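Subject: Structure handover

Hello,

Here is the structure I promised to pass on. Please open it alongside this email.

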Amino acid sequence: MQSLNGLTVMVTRPKPQGETLCDQIRAAGGHAIHFPTIEIHPPKSLAAFAKGIVGLGHYDWVVFISPQGVYLSAPAIHEHWSQFPPGVEVAALGGGTADALRQAGLPVDIYPMDDWRSEGLLDDASFQELAGKKIALICGEGGRDLLERTLTARGATLTRIIAYQRCLPKVSVDEYIKLLQTHRIDIILCTSGEILHNLKLLLKAAWPELRLVPVIVISERMEILARQLEFETILEARNASFNAIMEILKDYLCQMKEKIK
């Protein structure tokens, strides 16, 4: 059943997740416009990244923060995985990252089922008592430090391995500004605070129209940020999964149809 027929969604996630989500929205009958507001680039120090990957066998846990960390590091990890001693366990910050690990042919031992934030992983029993444990975080440059601070406070020796950096895209925005100014975008999906910031920055020429378009976010923290950025209507999905996003999109489409009646 094509449940999103008549709905136009702007998807701001970077490749490849953004393209995949657009395909899923179209398969459900919706119209998807991909406008990634961040680009993923290799880390500034490739030497430090390579050194970190080679040393993963010395850790008790390897924690992947995002699918992007998997995409950028999986080829290098495969070169050395067979040489790592048994006992290295792998955690993912959410279901999307766990799926990326499986698709890359890497194991995943645990991940939070519903709460795809640092808080969700920190609630897992495996990450409560960590004295003497060595943990590697495969992550991007910057970002939240809650996971790092909490794991360290619980006794772990923690190392960040920077697998990528997030950058503001250098793109022509004229097409997207026109879509906003002619009111052809029904709803916008944003899955990180940086994506939300960049959305406003890139499309500032259409801010009077942009601020009125409902924005889907994936956490209470993002909802607060969206209000601080002065977006008018913010809808919160329970996580970044397609099912959670579909729930919000279908509910919003129903509301649109009720207003038309």
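Below is what was found in it, grouped by topic.

Please keep in mind that this is a predicted model.

**Helix packing**

Start with helix H3 (residues 67-81) and helix H4 (residues 95-103). Their axes come within 8 Å and cross at roughly 20°. Angles under 35 degrees count as roughly parallel, so H3 is roughly parallel to H4. The crossing of H3 and H4 is right-handed. On the H3 side, the contact is made by Pro67, Val70 and Tyr71. H4 contributes Gly96, Thr97, Ala100 and Leu101. By type, the residues of this H3 and H4 contact are five nonpolar and two polar, with no charged residue.

Next come helix H8 (residues 193-202) and H10. They pack at an angle of about 20°, and their axes are 10 Å apart. That makes H8 roughly parallel to H10. The H8 and H10 crossing is right-handed. From H8, the residues are Gly193, Leu196 and His197. They meet Met222, Leu225 and Ala226 in H10. The contact of H8 with H10 divides into four nonpolar residues, two polar and no charged.

**Aromatic pairs**

How many aromatic pairs does a search of the whole structure find? It finds three. Two of them are described here.

The ring centres of tryptophan 61 and phenylalanine 127 are 4.8 Å apart, and the planes sit at 45°, so the pair is tilted. Tryptophan 61 lies in strand E4 (residues 61-64). Phenylalanine 127 lies in the loop between helix H5 (118-122) and strand E6 (134-140). The pair therefore ties together parts that are 66 residues apart in sequence. Is tryptophan 61 buried or exposed? Tryptophan 61 counts as buried, at 5% relative accessibility. Phenylalanine 127 is buried as well, with a relative accessible area of 1%.

Another pair is tryptophan 207 with phenylalanine 231. Here the ring centres of tryptophan 207 and phenylalanine 231 lie 5.1 Å apart with planes at 90°, so the pair is edge-to-face. Tryptophan 207 is in helix H9 (residues 207-210). Phenylalanine 231 is in the loop between helix H10 (220-228) and strand E10 (234-236). This pair therefore ties together parts that are 24 residues apart in sequence. Tryptophan 207 and phenylalanine 231 are both buried.

**Two buried helix residues**

Isoleucine 53 is found in helix H2 (residues 46-54). Its relative accessibility is 1%, so isoleucine 53 counts as buried. Which residues is isoleucine 53 in contact with, leaving aside its neighbours within four places in sequence? They are Ser73, Ala76, Ile77, His80, Phe84, Ile138 and Ile161. There is also a C-alpha distance to note. Isoleucine 53 and glutamate 79 are 26 residues apart along the chain, and their C-alpha atoms are separated by 9.5 Å.

Serine 118 lies in helix H5. Serine 118 has a relative accessible area of 9% and is buried. Leaving aside its neighbours within four places in sequence, serine 118 is in contact with Leu93, Arg144, Leu146 and Leu147.

**Backbone geometry**

- The peptide bond from lysine 15 to proline 16 is cis, with omega near -5°. Proline 16 lies in the loop between strand E1 (8-11) and helix H1 (17-27).
- Histidine 183 is not a glycine, yet its phi is positive, at about 60°. Histidine 183 sits in the loop between helix H7 (174-181) and strand E8 (187-189). At 62% relative accessibility, histidine 183 counts as exposed.
- Glutamate 230 has phi near 75°, again a positive value in a residue other than glycine. Glutamate 230 lies in the loop between H10 and E10. With 42% relative accessibility, glutamate 230 counts as partly exposed.

Best wishes

Notes. Residues numbered from 1 in each chain as written. Predicted model: local features only at pLDDT ≥ 70, side-chain atom pairs only at ≥ 80, totals over all residues. Heavy atoms only, no water. Axes fitted to C-alpha atoms, helices over the stretch in contact; angles between N-to-C directions. Helix = DSSP H or I, 4+ residues; strand = E, 2+ residues; numbered from the N terminus. Parallel < 35°, antiparallel > 145°, perpendicular 65-115°, else oblique. Left-handed = near helix turned anticlockwise from the far one by under 90°. Contact = heavy atoms within 4.5 Å. Nonpolar A, V, L, I, M, F, W, Y, C, P; charged D, E, K, R; others polar. Phe/Tyr/Trp six-rings, centres within 6.5 Å; stacked < 30°, edge-to-face > 60°. Buried < 20%, exposed > 50% of the residue type's maximum accessible area, 1.4 Å probe, protein only.
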